[in-house]
Amino acid sequence: LKKEKISDAELKKVKSLILGNMKLSLELTDDIATYYGSQELLTDKMKTVADRTRLVMAVTPQDIQKMAQKIFTKKNITLAMVGPKTDTRTIVPLLTL
C-alpha cells in the first residue's frame with residue numbers, strides 16, 4: 001500500500017463491505033439509539049448515516065496510499081512474541097518496511 005495504490009475494484013469492494021456492515025449494525029432501534037447517543041456524548045458534530053456514507057465514498061486510492069505512508073514506518077513497528085522462543089536474532093531482521 002505504501003508503494004502501490006489499491007485498485008479501484010478492491011477499493012469499491014472494501015467500501016461496499018464497510019457500508020454494508022454499518023447498515024447491518026443499525027438494524028435494531030437500540031443500535032440506532034446507541035449510534036446517535038454516542039455521537040452526542042463523544043463528539044461535537046452529529047453525523048448521519050448518509051454523512052458517513054459520503055465520507056466513505058469520497059476515499060480515493062491516493063488517500064489510502066498517503067495514510068499507509070504515514071502509518072507503516074519503522075518508528076511505528078511493534079512486535080509481540082508469544083511462546084517459548086526468546087532468541088530474537090532470527091526474527092528482528094525480518095521486521096523491515
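What share of the contacts in the protein with a separation of 6 or more is accounted for by residues 24 or more positions apart? In the predicted model examined here, such residues account for 54% of these contacts. The secondary structure comprises 4 helices and 0 strands, and the order along the sequence is α-α-α-α. The radius of gyration is 19 Å, well over the 13 Å that the globule rule gives for 97 residues, and the protein is therefore more spread out than a compact globule. Along the principal axes, the C-alpha atoms fill a box of roughly 55 × 35 × 25 Å. Of the 97 residues, 12% are buried.

The largest nonpolar core consists of 5 residues, namely Leu 19, Met 22, Leu 26, Tyr 35 and Val 56. Within this set, Leu 19 touches Val 56, and it also touches Thr 53 and Met 57, when residues up to four places away in sequence are not counted. Tyr 35, another member of the core, has a relative accessibility of 15% and therefore counts as buried, the limit being under 20%.

Tyr 35 also takes part in an aromatic interaction. The whole structure contains 1 aromatic pair, formed by the rings of Tyr 35 and Tyr 36. The ring centres of Tyr 35 and Tyr 36 are 4.8 Å apart and the planes stand at 85 degrees; because angles over 60 degrees count as edge-to-face, the pair is assigned to that class. In contrast to the buried Tyr 35, Tyr 36 is partly exposed, with a relative accessible area of 29%.

Lys 15 lies in helix H1, which spans residues 8-24. This lysine is buried yet has no salt bridge. The nearest side chain of opposite charge to Lys 15 is that of Asp 63, at 7.5 Å, whereas a salt bridge requires a separation within 4 Å; Lys 15 and Asp 63 are therefore not counted as bridged. Beyond four places in sequence, Lys 15 touches Val 56, Met 57 and Val 59. Val 56 and Met 57 are likewise touched by Leu 19. Gln 39 is located in helix H2, residues 29-42. With a relative accessibility of 5%, Gln 39 counts as buried. Apart from neighbours within four places in sequence, Gln 39 is in contact with Lys 45, Met 46, Lys 47 and Arg 52.

A search of the whole structure identifies 1 salt bridge. Arg 54 forms this interaction with Asp 51, and the closest N and O atoms are 2.5 Å apart. Both residues belong to helix H3 (residues 49-58), where Arg 54 and Asp 51 are separated by 3 residues, about one turn of the helix. Arg 54 has a relative accessible area of 53% and is exposed.

Ile 6 is situated in the segment before H1. The relative accessible area of Ile 6 is 17%, and this residue is therefore classed as buried. Ile 6 touches Leu 1, Leu 11, Pro 61 and Ile 64, with residues up to four places away in sequence not counted. Lys 45, in turn, is one of the residues in contact with Gln 39.

Conventions: Residues numbered from 1 in each chain as written. Predicted model: local features only at pLDDT ≥ 70, side-chain atom pairs only at ≥ 80, totals over all residues. Heavy atoms only, no water. Helix = DSSP H or I, 4+ residues; strand = E, 2+ residues; numbered from the N terminus. Buried < 20%, exposed > 50% of the residue type's maximum accessible area, 1.4 Å probe, protein only. Contact = heavy atoms within 4.5 Å. Lys, Arg positive; Asp, Glu negative; His and termini not counted. Core = buried A, V, L, I, M, F, W, Y, C linked by side-chain atoms within 4.5 Å. Phe/Tyr/Trp six-rings, centres within 6.5 Å; stacked < 30°, edge-to-face > 60°. Rg over C-alpha atoms; globule rule 2.2 N^0.38 Å.
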